[in-house]
Amino acid sequence: TGVQTCALPILRSSKRLDMPDCLISFGSNLGDRLACLSQAVGLLKAVPGVERVRVSQPLETVPVGGPSDQPAYLNAAIRCTTTLSAVEFHHQLLSIETSLGRVRGERWGSRTADLDLLLYDQLQMASESLTIPHPRMACRRFVLQPSSEIASDMKHPLCGCTVEQLLRHLDYRDNRIVVASPLPKPGGVWFDSLAQLLEKRQVQLVGQDQDNARSEEHTSELQ
């Protein structure tokens with residue numbers, strides 16, 4: 001009798017689907033900022049092991065921190081997957097910065113290119129050269145606004161909030177000082193003086209119990 005044969009399906013590795021999802025913040029306030037962003041994306045796409053690169057629309061922002069006479073920044077977010085480890089990937093970002101003329105001088109000073117690794121899936125790590133998630137990403141609008149365009153669903157591994165929720169939190173945030181004890185009643189000299197000073201600066205003085213109640217209410221609104 002004849003032997004029947006059939007074509008077997010080719011099994012492909014699912015590793016490509018399981019590659020870590022990464023989020024990067026880009027910033028530039030020297031030279032041709034838009035060209036620098038384009039070059040940074042091109043260099044990132046050329047790195048072996050980096051795939052599915054997506055870029056947000058650029059956003060011009062006022063400098064935060066550093067010298068007061070800095071020119072405006074062009075900020076953007078980049079999302080990609082990679083087979084590289086977090087440390088290897090970070091080294092590649094530093095190499096791209098150097099290729100684009102980055103010279104590290106004054107902290108938060110002007111720069112041709114700044115590539116910060118914000119998220120590497122749900123990894124949490126801290127070393128002398130790299131901290132993930134980025135320790136200041138949750139309070140920076142110039143980071144969260146472009147990031148929410150391409151990575152609104154990515155979650156911060158420490159608080160569990162998505163990028164979109166973190167951005168919304170900035171809209172809810174107010175200026176206040178929380179007293180870590182029952183709030184004294186008006187009438188005390190130090191309390192009245194401090195409250196009057198803060199009122200001029202549009203800062204509210206609240207007790208820990210009030211702050212806890214507000215935090216619980218705000219958390220339920222975000223969920």
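Where is aspartate 121 found? Select the loop between strand 5 (114–120) and strand 6 (125–126): aspartate 121 is found there. Helices (H or I, at least four residues) and strands (E, at least two) are DSSP runs, numbered from the N terminus.

The model is predicted, and local features need pLDDT of at least 70, side-chain atom pairs count only at pLDDT 80 or more, and totals for chains, interfaces and linings use all residues. Residues are numbered from 1 along each chain as its sequence is written, and side-chain values use heavy atoms, with hydrogens and water left out.

**Backbone at aspartate 121**

Display the backbone of aspartate 121, where phi is near 50°, a positive value in a residue other than glycine. Aspartate 121 counts as partly exposed because its relative accessibility is 33%; buried means under 20% relative accessible area, exposed over 50%, and partly exposed in between (1.4 Å probe, protein chains only).

**Arginine 52**

Next, select strand 2 (residues 50–55), which contains arginine 52. Arginine 52 is not a glycine, yet its phi is positive, at about 50°. With 51% relative accessibility, arginine 52 counts as exposed.

**Proline 133**

Move to the loop between strand 7 (131–132) and helix 3, the place of proline 133. The peptide bond leading from isoleucine 132 to proline 133 is cis, with omega near 0°. As background to these stops, most residues other than glycine have a negative phi, and most peptide bonds are trans.

**Helices 3 and 4**

Now show helix 3 (residues 141–151) together with helix 4 (residues 163–172); they pack at an angle of about 140°, with their axes 8 Å apart. Helix 3 is therefore oblique to helix 4. Axes are lines fitted to C-alpha atoms, for helices over the stretch in contact, and angles run from 0 to 180 degrees between N-to-C directions. Angles under 35 degrees count as roughly parallel, over 145 as roughly antiparallel, 65 to 115 as roughly perpendicular and the rest as oblique.

To display the contact (heavy atoms within 4.5 Å), select Arg141, Leu144, Gln145, Ser147, Ser148 and Ala151 on helix 3, and Val163, Leu166, Leu167, Leu170 and Asp171 on helix 4.

**Whole protein**

Of its 223 residues, 38% count as buried. Among contacts between residues at least 6 apart in sequence, 69% join residues at least 24 apart. The accessible surface (Shrake-Rupley method, 1.4 Å probe) comes to about 13700 Å², of which 52% belongs to carbon and sulfur atoms.
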